[in-house]
Amino acid sequence: MHKCFLKPFLFDKIKSQIGSLGECTCALVEASLNVSRLVLETRKSGLETQEKKDGTPVSNADKLAQDIILEKISTLGEKFSHVGIVSEELPPLPPAFQYGDFWLIDPLDGTKGFIIGKKEFCTNIALLKDGKPILGVVAVPAFSSIYFASQGKGAWKINAQTSSLKQIHCQKLTRDSLSEKGLRILSSSRHNSRRNLKQHLQKNRNNPKIAFIHEIGSAVKILKIAEGHADYYYQPGATMAWDIAAPQIILEEAGGAIRTLDGQCLSYGKNNWKNTIFEVLGTSEKIFD
């Protein structure tokens, strides 16, 4: 097993910031760091891939990452022994988990990009209660970063190279900043994403001024907004619950929001685990007419 090398004082800081879920958060941070090291080593030498039934790729790194996460969750003790587990690479999926506590895990979000050598991939771990995320940990291995948040405790970023910890915030988007500076937008690199984005903004959001549109893969887009590097992301296509739950609470604790097109918060545990169309915003306030 690959071992975690963050300095001990950092775990003390995490516990002091997160409170009752501090021990659990430290365990998941440790697992995420070990996953980060392992998947990068696997990509460098020994990567194996295959195609799943739905046509999407999966690698041995996905499965190894999942094993590390599940092993760590199994050590969390009696408090978490009743918590169900839903993970992308752990079939068969249960039909629903709308009530009670459960884990949502994506061992490697952005597998396509990971396989071809891109940096924008991540590991997502979320703890949910009654369909809402209450704890999220997301590792971005290629940038030596781990993000985490717990309900009411803020959003945080670890630099694993320096063993440093800082709180992160959205650069709050307002109607004034939108009209003056324009919308800083992140988009998927998928075919037609930019066209779909512009059509949506013109049709549904009064065609706002645009500062830039940058294409980024995986849930890293949501983290960038949580850090204040961008304002907006539109997701027109299908995503799964495990893609979004962990970065969602990080974004919310940083001051942002994920909303369906009718203004509702995303919730999880529904049949088939698919998300509806949504927008990611660097504010929880209404900025579009």
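1. I would start with arginine 194, which at 33% relative accessibility counts as partly exposed (buried means under 20% relative accessible area, exposed over 50%, and partly exposed in between, with a 1.4 Å probe and protein chains only). Its salt-bridge partner is glutamate 215, with the closest N and O atoms 3.7 Å apart; a salt bridge here is a side-chain nitrogen of Lys or Arg within 4 Å of a carboxyl oxygen of Asp or Glu. This pair links distant parts of the chain, since arginine 194 sits in helix α6 (residues 193-204) and glutamate 215 in strand β11 (residues 210-215), 21 residues apart. Glutamate 215 is also partly exposed, with a relative accessible area of 43%.

2. Please keep in mind that this is a predicted model, in which local features need pLDDT of at least 70 and side-chain atom pairs count only at pLDDT 80 or more, whereas totals for chains, interfaces and linings use all residues. Residues are numbered from 1 along each chain as its sequence is written, and side-chain values use heavy atoms, with hydrogens and water left out.

3. The search of the whole structure finds 10 salt bridges, one of them joining glutamate 227 and lysine 157 at 3.0 Å, N to O. Glutamate 227 lies in the loop between α7 (220-226) and β12 (232-235), while lysine 157 belongs to strand β8 (residues 155-159), so that distant parts of the chain, 70 residues apart, are linked (helices, H or I of at least four residues, and strands, E of at least two, are DSSP runs numbered from the N terminus). Both partners are buried, glutamate 227 at 14% relative accessibility and lysine 157 at 17%.

4. Lysine 52 pairs with glutamate 88 in a further salt bridge, the closest N and O atoms being 3.2 Å apart. Because lysine 52 is in the loop between β1 (49-51) and β2 (57-59) and glutamate 88 in the loop between β3 (84-87) and β4 (101-109), the pair ties together parts that are 36 residues apart in sequence. Glutamate 88 is partly exposed at 24%, and a network of salt bridges links Lys52, Glu88 and Glu89.

5. On the cysteines, the whole structure contains 0 disulfides, a disulfide being a pair of cysteine sulfur atoms within 2.5 Å. The sulfur of cysteine 24 has its closest cysteine sulfur in cysteine 26, 9.3 Å away, which is too far for a bond. Cysteine 265 is likewise in no disulfide, the nearest cysteine sulfur being that of cysteine 170 at 14 Å. Cysteine 24 is buried at 4%, whereas cysteine 265 is partly exposed at 37%.
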